[in-house]
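The sequence and the structure come first.

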Amino acid sequence: MDNRYNLTYITFDGHVEVHRYKYLYFVIMFTVYILIISSNFTIVSIIVIHKSLHEPMYIFIAALLINSVLFSTAIYPKLLIDFLSEKQIISYPACLFQWFSFYSLGGSEYFLLAVMAYDRYVSICNPLQYSIIMRKTTVNMFLIVAWILPACQVSVLILLSAKKEICTFHLKGLLCNSTVQKLHCVRSRLLNIYGLVVLASAVLLPVLFILFTYTRILVISYRCRGVRRKAAQTCLPHLLVLINFFCLTAYDVLLARLEVDFGKIVRLIMILQVVIYHPIFNPIIYGLKMRGIYEHLKRLFCKRVECIHTDKCCTVSALCHNNAEM
């Protein structure tokens, strides 16, 4: 407790030999953070620059990648500071804010994936009505709901938690997630029930909707050979991202609901998968599997290679010309 500002501080106990390897941890995680920002924004920039990609599907992909960057930004700066600090602590209000950011952006991920599934469903199963259904206003409405609705749902959870008295000041982890509830003196039944409602509406319902739409797409694509390739090219990346994120979410939910004491190394590995694997996984999948994005990426890197090669050739020819004059 800091009496000067009346703040309560929480200590993170999930670090593994951080004082011994703090510079190594910092360099690795800082490099990963820069890679996440650069890779995601490279694809977002390609979608923004090229008018041929100004379609609902690519707009939703850009929103998903921006969401990944925001998700990483809610975690990495604090994580990097902790690596170089003597004590890995965070004020309770800041912990609640990180908790809010972690789950509201995580919920937005599921809503965006559900919207993308609906977009693919309309495009493949009802192509003649696609331009009428997926209008600009509809796309904007989907994007607003995908970010606002999870934020409102999680806000209620955070406000209920903020009123609870805490008796434990050590958190078994590297960041503030659902394990914050274990700091409370008394586990609230209301919080548990509301948490299950949020879990059902923000995770389970979007996942069931996604599975339903892709099942319908698979049934129709099986009947019509002409749409099989289109369905495979556009739906496979979304399914891979969904499976990856759902597995990580399942671990986080089980960690909070089950009274299982995982070891520090297991917790560290799983948390690092959440903060490293998933934000990098998204741009790789969409960059390689989505043909429209892949073609522009290939042109971009080919131009850079040609420019580097041209500069080298010009330098060599200039040197040869100077030597000839001498």
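## Basis and terms

A crossing of two helices is called left-handed if the near helix is turned anticlockwise from the far one by less than a right angle, and right-handed if clockwise. Helices (H or I, at least four residues) and strands (E, at least two) are DSSP runs, numbered from the N terminus.

The model is predicted: local features need pLDDT of at least 70, side-chain atom pairs count only at pLDDT 80 or more, and totals for chains, interfaces and linings use all residues. Residues are numbered from 1 along each chain as its sequence is written, and side-chain values use heavy atoms, with hydrogens and water left out.

## Overall make-up

The protein has 10 helices and three strands. Read from the N terminus, the order of elements is β-α-α-α-β-α-α-α-β-α-α-α-α.

Of its 326 residues, 44% count as buried. Buried means under 20% relative accessible area, exposed means over 50%, and partly exposed lies in between (1.4 Å probe, protein chains only). The accessible areas come from the Shrake-Rupley method with a 1.4 Å probe, and for residues only the protein chains shown count as cover.

## Helix packing

Two packed helices are described by the angle between their axes and the distance between the axes. The axes here are lines fitted to C-alpha atoms, for helices over the stretch in contact, and angles run from 0 to 180 degrees between N-to-C directions. Angles under 35 degrees count as roughly parallel, over 145 as roughly antiparallel, 65 to 115 as roughly perpendicular and the rest as oblique.

Helix 2 (residues 56–73) packs against helix 4 (residues 92–125) at an angle of about 165 degrees, and their axes are 10 Å apart. Helix 2 is therefore roughly antiparallel to helix 4. The crossing of helix 2 and helix 4 is left-handed. Helix 4 also has helix 7 (residues 189–223) as a partner: their axes come within 9 Å and cross at roughly 20 degrees. That angle makes helix 4 roughly parallel to helix 7, and this crossing is left-handed. For helix 1 and helix 3 (residues 76–84), the axes come within 8 Å and cross at roughly 155 degrees. The two helices are therefore roughly antiparallel to each other. Helix 1 and helix 3 also make a left-handed crossing.

## Salt bridges

Side chains of opposite charge can pair when their charged atoms come close. How many salt bridges does a search of the whole structure find? The search gives three, where a salt bridge is a side-chain nitrogen of Lys or Arg within 4 Å of a carboxyl oxygen of Asp or Glu.

Lys78 pairs with Asp82, with 2.8 Å between the closest N and O atoms. These two residues are four apart in helix 3, so about one helical turn separates them. Asp82 is buried, at 1% relative accessible area. Arg120 and Asp119 form a salt bridge whose closest N and O atoms are 2.8 Å apart. Arg120 counts as buried at 4% relative accessibility, and Asp119 counts as buried at 1%. In the pair Lys298 and Glu295, the closest N and O atoms are 3.8 Å apart. Lys298 and Glu295 are three residues apart in helix 10 (residues 291–325), so they too are separated by about one helical turn. Lys298 is partly exposed at 38% relative accessibility, and Glu295 is partly exposed at 22%.

## Surface patch and contacts along the chain

Tyr21, Leu24 and Ile28 make a nonpolar surface patch of about 270 Å². Patches are made of residues with over 30% relative accessible area and no salt bridge; like charges are joined within 9 Å and nonpolar side chains (Val, Leu, Ile, Met, Phe, Trp, Tyr) within 5 Å. Leu24 belongs to helix 1 (residues 18–49) and is partly exposed, at 48% relative accessibility.

Is Ile265 buried or exposed? Ile265, in helix 9 (residues 264–289), counts as exposed at 57% relative accessibility. Ile265 and Val16 are 249 residues apart in sequence, yet their C-alpha atoms are 7.0 Å apart in space. Tyr58 is placed in helix 2 and is buried, with a relative accessible area of 8%. Between the C-alpha atoms of Tyr58 and Ile47 there are 6.7 Å, and the two residues are 11 residues apart along the chain.
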